[in-house]
Amino acid sequence: MKYHKHIKDILHGADDQTAAEIAEMTNAADEKTKERIYAMTCERLAQNNGAAETNGESFRVTVTRRPSWMRSAATAAACLVIAGGLTGGAVMLHRSAQSTPTPEFAEQTKDEQTTTAVTQLKIQKEWTEIDNEESTTKSLETLYIEKIVDRAKEEGLPFDEALEKIHEDEENEYFLSGIYSHYVIVHYSDGTQEDIKSALKSGRATITDMDRFGIHYWKEPKETTEPPIKTTEETNASQTGLCSDPLQSTTTIGETSSPVCSDPLQSTTTTTTTTETYYPVCSHPLQSTTTKPQVPTTNKVIADIVDHANEDGLSVPSALEKIHEDNENEYFLGGIYSHHVIVYYTDGTQEDIKSALKAGRATIADLDRFDISYLTEPKETTATNATIVKIVNRAMEEGLPVADALEKIHEDNKNEYYFPAIYSHYVIVHYSDGTQEDIKSALKNGRAKLSDLDRFGIDYYTEPKEVENSVDPTLHPLYKKYPEYFNLSTFKGLEVYVWQMSGSSYYCGVLEGTNRLKTEEEIQALMMNGATIEEMKEILAVYGIGKNEIFIMPVSNPVSSYWYEIDQDYRRKIEAMFWDE
Amino acid sequence: MTDAQLCELIRNSPETGNRALFDQYFNYVYAIVCRILGSCGTPEDVEECVADTFAEVLFRLEGINADSLKAYLGTTAKHKALNACRTLSAQKQRTVPMEFVAELPSEQQVEQAAEDAHLRRMLLDSIKALGEPDSSIVIQKYYYNRKSAEIAEITGLTPAAVRKRCSRAVKRLRQELSEFDLIW
């Protein structure tokens, strides 16, 4: 039985009884944590009791009646105070208009005004320029991080490929795998935002926050003074005055000259004068001559492979990540964390497992050797010459559970073909060579046809493809600007996502209707090319479908600092923008 | 100590009684909270939720039937954790996993749930069979999401020893449960 479930999910899916069983197996926390929680409990209990007592007292307040003369006296006193205030104010205004201030007073006033202006500026800076050192203390006290968004990853924004250092502490240096710290945006509770580098620098964000919001980074231990362990190759190289880094070294044909090293720091005295021999030299592009291929990278010796995601309990996106494949199998990690699985070499260098596997510096056997968990999937069968023996719908025959929704299994020029429920993975095509695969793959790869489904009595729906208005949408004036909003299937309606960027600025994008909720990524992708509401109305008109098939969905743009609450009234307002004349 | 005795103790000597109740049910409440909040909250959120649960139950103790104290604690912990999970998910604009929300599974899910329960039973039995401290290490790592250093503090081992024991334990479990092809 193939489960493909993470052990954590299995355990966390436990019922209360199993949780009780787990509770009996081991202490839930260390003594320090337990005491801390008990102290918190006592504190909260005291607060609850205090609040209850306060509420109780309010019922015991006795009602007393004031003497009637007090009302008249209080009214007279209030009138006097108001009259005095008005008279005094008028006198002060009169004086200030007539008299010119003395130089000292003028100076003092100017100082005060300057101070006030400076203070106002400071306040403005605090709210607008979060980088300001002066605001840091206040911000730290009042702000909390709502989210950190890696726009480079989410929106596929371009960036230069090089390690970018974003932070360092006493032990480690932290890097992003590209120059895109300006795309990693920290969103604060007050609606402000800044890039991660500034946030880390000012202490408003920490590396833990990056872990919390699944922002990937590299951690490099700071270099120690201990000399790095040398490999045999390195030792030999240094003894003969050759380049010490096998990855950097290449070979060249030396006729009479002795091997040289371009880096003066790396070069040592050498007496080797062998002729017609390949000598490794530093691979500085300006120095490279007729070169042999690079020294095989397999010269590197793996010291350790550590799964930091598992070791440090880092939160990683839950999806299978393919790290390698060979002729027979594909290999996956149980989450998107290959960048956290680090291969450490004996020469002190390191890299992530995906790169190491790709370059052949590590193998799957190495993963086994260092107890790194992974998943093996046999490659899909190619059953090209085999004929179909039978097609079995296991969902129907064995009554397996399926989700209720139409599942598209195939399409041709005229029609789209659907199963009445999500069970294509249970409809298995058996081939004459003993192999089998699910129907969707078989149809996709042309190994099965719809006539095969008919032949083996597998039911499916046929839906003619939407015939758009007789007008060719590509001729629409907005097609060039928003090609992605045309030619959408209206089979399940259209979903229009609307976001507000300022008081009167609204943008929107449209997606095909589906039974599932759209992901944040899908919605945010629309925000890259938002149309105005007027433009969207024109686009929607092309589809010629009714209001009831168009779903207006207000959303907020995570990149925008403009805040608004999406409630029922807001939804009505947005819908009215589309439908009210 | 039975629940009735605990209630009696809390009535006569609240301070001692509260502590006794906390000690007796701490692991239970923590495990329930961690089950729900473990996937969407931080350890601090779990701690807050556990403290909230005990504070609420102790505050309302007078109205609770002494015989159902454990059940009341469990239910309160579950509801508090679900609320916290919803709040946190709303902050992070995520959704609460359906398995926590849907109390009554649909007919189609029943079979899957039964298969899961069967697998979970086998997994727990295999973990128990590992013996101490390996079973504790596996539970701490995969249920309570603790790091090796934290597990080391609880079990009294060194972090390196925890790592080694954990990888050996996982290897054994993987062999025993190879038919399920679990992801570790």
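1. Two residues are in contact if their C-beta atoms, placed from the backbone, lie within 7 Å. By that rule, 60% of the contacts in chain A with a separation of 6 or more are between residues 24 or more positions apart.

2. A word on the model: it is predicted, so local features need pLDDT of at least 70 and side-chain atom pairs count only at pLDDT 80 or more, while totals for chains, interfaces and linings use all residues. Residues are numbered from 1 along each chain as its sequence is written, with chains lettered from A and ligands numbered from 1 in the order in which they are written.

3. Chain A has 19 helices and 23 strands (DSSP runs, H or I of at least four residues for helices and E of at least two for strands, numbered from the N terminus). Of its 581 residues, 21% are buried (20 or more other C-beta atoms within 10 Å of a residue's own; exposed means 12 or fewer).

4. Do look at the open sheet β1-β4-β5 of chain A, three strands with antiparallel pairing (strands pair if DSSP finds at least two bridges between them). Its edge strands are β1 (145–150) and β5 (193–195). Three bridges join β4 (residues 184–188) to β5(A), and His187(A) stands opposite Gln193(A).

5. Then try helix α18 (residues 533–543) of chain A, where Met536(A), Ile539(A) and Tyr543(A) are buried. The buried residues of α18(A) fall within an arc of 60° seen down the axis, so they line one face of the helix (the arc is that of the directions from the helix axis to the C-beta atoms). On the other side, Glu534(A) and Ala541(A) are exposed. The cover over the buried residues includes β21 (494–502) and β22 (505–512) of chain A.
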